[in-house]
Amino acid sequence: MERFDGVRLTRAALEDFAAALLRGAGMSEDSAAATARAMTDASARGVDTHGVRLIPFYLDQLQNGRVNPTPAVTATRTAPACVVVDADGGLGHLASYRAIDEAARAAEETGLAAAVVTRSSHHGATGVYTLAAAKRGFVAFGCTHADALVVPHGGVKPFFGTNPISFAAPARDEEPMLLDMATSAVPLNRVHLRRDTGTPLPPEVAVGDDGVATTDPHVATGLIPIGGLSYGYKGAGLAMMVEILCASLTGMSHGFRMTKFTGPGQPVHIGHFFLLLKPQAFAAGGFDSSLAAILSDLRTQPAQPGQEVMAPGDPEKREAAERERLGVPLDRRTWERLTAFAGTVGVPTPEASVDGAQAGA
């Protein structure tokens, strides 16, 4: 858990501020609203690496012509249970929510449906979309690829993107269960957050230009797959799966062939993949009780001294409750960046409390 000095805002104030900043950068109303919604959801659950601290990155993308600020997102049903969403070169948040909506409509009819997004860009935390689907009663899987940042197992130069995967399922009497993870040992934004907060990296999560593992976030230029130096073939295998679903199925280039997201240049088009299943089409009413039993049995397992057995997403649920009570924290560096940009585009800065805030997952 990172610790940092920063500020706290209410979730509503933070989402409104984020949307206003994006509109100030030229984004359309619907794209800005979807992007702010996704980022704020991540920040509110403690996923700070993919929360509103991404705004400066997105502003850079807009200013350098890497994304379309006013995309006309379209969706085409190519088969009874298949949907293709064209993001029109915009950030991926609006198109990803659209993919969930379209897949949900199809899955209500067919029991399951898949949606791919083409000509998209970074869409933040993949888990916000599977979580949205699970809140509507669907079991959902999602993934996305990206530009090359992760070395293959045994390699020294980046080949895969961080290629996150997410899985969510509706749970009885509580928020849905949510797994949301990069197939690299850490996401790149974890390195950026550690740079901003002056915190070293754990061992065996990143490498420098020489391909040698480092704990210095300022030296890190590549990431190691899940499993570390000895067992990274596991994360690399998952990353390959994501490339197939998000590049080969969508017609987009794979991570190694892409230009980098950062800096001036041509748009970097990527793909996303989502699969939704309607539990009632499979479990004949027994899904809720089965998942409830799994969660209960898991959480009551014996634990190591000082530890607790938790289900995927449990730490984020606790952090969300804490942040609902105290406000959503932002590290000081991010807050300074956002308020500086707000001044240049005439967006009022919302009231925030100064706090030595603790970040979540």
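A residue is called buried when its relative accessible area is under 20%. By this criterion, in the predicted model examined here, helix α6 (residues 188-197) has the buried residues N189, R190, V191, L193, R194 and T197. Directly after α6, G198 adopts a positive phi of about 65°.

Positive phi values were also computed for two residues other than glycine. In E204, phi is near 60°. This residue is placed in the loop between α6 and β8 (206-207). With a relative accessible area of 36%, E204 is partly exposed. In N163, phi is near 45°, and the residue is found in the loop between β5 (139-144) and β6 (165-169). The relative accessible area of N163 is 0%, so this residue is buried.

The largest nonpolar core comprises 35 residues. Within this core, the residues with the most contacts are F17, L21, M39, V52, I55 and L330. At least two residues of the core are supplied by each of the elements β1 (3-9), α1 (11-24), α2 (29-44), α3 (55-63), β11 (328-331) and α12 (332-345). Helix α1 provides the largest share, seven residues. Another core, of 29 residues, lies apart from this one, and its members include A99, A104, A125 and V128.

The packing of two helices, α4 (residues 92-110) and α5 (residues 127-135), was also described. Their axes come within 10 Å and cross at roughly 25°. Because angles under 35 degrees count as roughly parallel, α4 is described as roughly parallel to α5. The crossing of α4 past α5 is right-handed. On the α4 side, the contact is made by G92, H93, S96, Y97 and I100. On the α5 side, V128, Y129, A132 and A133 take part. Sorted by class, the contact of α4 with α5 contains six nonpolar residues, three polar residues and no charged residues.

Methods:
Residues numbered from 1 in each chain as written. Predicted model: local features only at pLDDT ≥ 70, side-chain atom pairs only at ≥ 80, totals over all residues. Heavy atoms only, no water. Axes fitted to C-alpha atoms, helices over the stretch in contact; angles between N-to-C directions. Helix = DSSP H or I, 4+ residues; strand = E, 2+ residues; numbered from the N terminus. Parallel < 35°, antiparallel > 145°, perpendicular 65-115°, else oblique. Left-handed = near helix turned anticlockwise from the far one by under 90°. Contact = heavy atoms within 4.5 Å. Nonpolar A, V, L, I, M, F, W, Y, C, P; charged D, E, K, R; others polar. Core = buried A, V, L, I, M, F, W, Y, C linked by side-chain atoms within 4.5 Å. Buried < 20%, exposed > 50% of the residue type's maximum accessible area, 1.4 Å probe, protein only.
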